[in-house]
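Reader: I would like to go through the labels used for this structure. Please set each value against its cut-off.

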Amino acid sequence: MRLLTRARLKARGAPRAKRAADFDRAVAEFFMRIALEEASKGLGRTSPNPAVGAVLVKGGRIIARGYHQKAGTAHAEVVALEAAGPRARGADLYTTLEPCDHYGRTPPCSQAIIEAGVRRVISASADPNPKVNGKGITRLRRAGVEVLTGVLQAEADRLNRPFFKVIRTRLPYVTLKAAVTLDGKLATATGDSRWVTGEVARAWVHRLRDRVDVLLVGSNTVRKDNPKLTTRLPGGGGKDPVRVVVDSRLSLKATHTVFTQRSAARTVLATLEDPSGRKARRFTALGVEVWQVREKRGRVDLKALLTRLAQEGLNHVLVEGGAEMYGSFLRDRLADELALFLAPKLIGSQGLSWAGDLGVKVMAEALTLKNATFEQLGEDLLLQAQLG
């Protein structure tokens with residue numbers, strides 16, 4: 001177990017309170033950032049639960065840390081408490097989400113914290129789950145545990161946007177990822193798209209796949225690119241998300257790689273067709289799940305599909321094409337976030353535009369982005385923004 005002594009904290013730039021009993025915001029933020037690093041280890045693996053990290057601190061040193069690894073396993077606070085054992089008595093517990101106070105697949109964290117003798121709890125995000133929503137904090141305070149809230153709340157809230165959205169709307173969080181040329185083209189007029197971006201950008205995408213629950217594409221993308229839709233991290237490893245292909249009429253062949261490529265993750269075909277029919281049996285014979293989804297405008301109703309994904313305990317959906325699929329998500333206001341790679345290339349007017357038809361007639365109807373950030377990845381530029 002690595003211990004951060006006061007000398008090490010000072011060397012790493014972490015300020016400390018004048019007295020151990022004092023609450024120093026800078027000290028709290030320092031340790032909360034470590035708890036956030038712990039929480040990020042669970043991204044893409046905890047659904048339908050949130051990603052949570054916890055750190056126990058005593059005498060200016062980290063004595064234990066933990067994160068929630070998977071639904072049904074111990075929560076982050078309990079992992080840290082078990083690692084600390086009797087040393088937890090009198091310690092400060094930093095947690096990225098307020099402790100739970102209900103029995104689910106695991107006992108309430110609030111009770112474990114009280115029984116361990118923790119003197120103070122510092123939390124970041126509030127939990128909108130009605131089963132929690134302040135109840136854990138109330139129990140802790142009634143037991144004499146000091147509780148401080150809202151430390152690095154914005155950062156912690158960003159980490160669990162998918163969980164919060166599912167709790168509030170019963171729909172998963174949707175990220176659209178596209179790689180385009182500077183003139184907004186996905187591919188040339190012949191459909192060639194390999195490769196729009198460079199290796200650094202493509203490696204970033206695989207790290208994103210490792211952290212989401214679902215990777216969704218349309219049938220045209222499968223037909224043209226024959227993708228694997230798996231996670232291939234530099235150096236190997238990584239988790240494959242659930243692979244979802246939207247094919248309203250089951251027009252694809254069962255020989256496409258996404259259906260034949262072995263993966264520990266599920267593969268789903270969303271369609272209007274009868275899942276017990278002859279067309280569907282070509283895919284179910286390969287272990288592919290065929291979901292019949294209600295119709296909208298002659299195609300799979302994407303909102304109905306998202307609702308079912310949320311019911312399956314899948315919080316974060318990554319959409320990777322194609323143009324019609326992007327356009328449908330944008331037009332129906334079903335996307336939450338955009339990750340758009342801009343490559344320093346030009347194709348011209350004959351190339352395939354990435355966003356499809358959005359039905360915009362006047363500038364006042366244009367979709368707006370907010371909180372935009374830019375990052376250089378190799379020769380490419382990554383734009384990330386929330387959809388308003």
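Author: Two strands pair if DSSP finds at least two bridges between them. The model discussed here is predicted.

Reader: What makes strand 3 and strand 4 a pair?

Author: The requirement is at least two bridges. Strand 3 and strand 4 are joined by 5 bridges and run parallel.

Reader: Why is Arg120 called buried?

Author: Buried means under 20% relative accessible area. Arg120 has 4%, so the label applies. Arg120 belongs to strand 4 (residues 120–125).

Reader: What makes the approach of Arg120 to Asp92 a polar contact?

Author: The distance cut-off for a pair of N or O atoms is 3.5 Å. The side chains of Arg120 and Asp92 make their contact at 3.1 Å.

Reader: Why is the pair Trp204 and Phe341 called edge-to-face?

Author: Ring centres must lie within 6.5 Å, and planes over 60 degrees apart count as edge-to-face. For Trp204 and Phe341 the centres are 5.4 Å apart and the planes are at 75 degrees, so the pair is edge-to-face. This pair links distant parts of the chain, with Trp204 in helix 8 (residues 199–211) and Phe341 in strand 15 (residues 337–343), 137 residues apart. Both Trp204 and Phe341 are buried.

Reader: Why does the pair Phe259 and Phe283 count as edge-to-face?

Author: With centres 5.0 Å apart and planes at 70 degrees, Phe259 and Phe283 form an edge-to-face pair because the angle is over 60 degrees. Phe259 lies in helix 10 (residues 257–260) and Phe283 in helix 11 (residues 278–284), 24 residues apart.

Reader: How do you know whether Phe259 and Phe283 are buried or exposed?

Author: Phe259 has 4% relative accessibility, so it counts as buried. Phe283 has 0%, so Phe283 counts as buried too.

Reader: How many aromatic pairs does a search of the whole structure find?

Author: The search finds 6. Phe30, Phe31 and Tyr94 form one aromatic cluster.

Reader: What makes Arg308 sit over the ring of Trp291?

Author: The distance limit to the ring centre is 6 Å. The charged end of Arg308 is 4.0 Å from the centre of the Trp291 ring. Likewise, the charged end of Arg202 sits over the ring of Trp195, 4.5 Å from its centre.

Key:
Residues are numbered from 1 along each chain as its sequence is written. This is a predicted model: local features need pLDDT of at least 70, side-chain atom pairs count only at pLDDT 80 or more; totals for chains, interfaces and linings use all residues. Side-chain values use heavy atoms; hydrogens and water are left out. Rings of Phe, Tyr and Trp (its six-membered ring) pair if their centres lie within 6.5 Å; planes under 30 degrees apart count as stacked, over 60 as edge-to-face and the rest as tilted. Helices (H or I, at least four residues) and strands (E, at least two) are DSSP runs, numbered from the N terminus. Buried means under 20% relative accessible area, exposed over 50%, partly exposed in between (1.4 Å probe, protein chains only). A charge sits over a ring if NZ of Lys or CZ of Arg is within 6 Å of the ring centre and within 35 degrees of the ring normal. A polar contact is a pair of N or O atoms within 3.5 Å; within protein, one must be able to donate a hydrogen and the other to accept it, and residues adjacent in sequence count only if both atoms are side-chain atoms.
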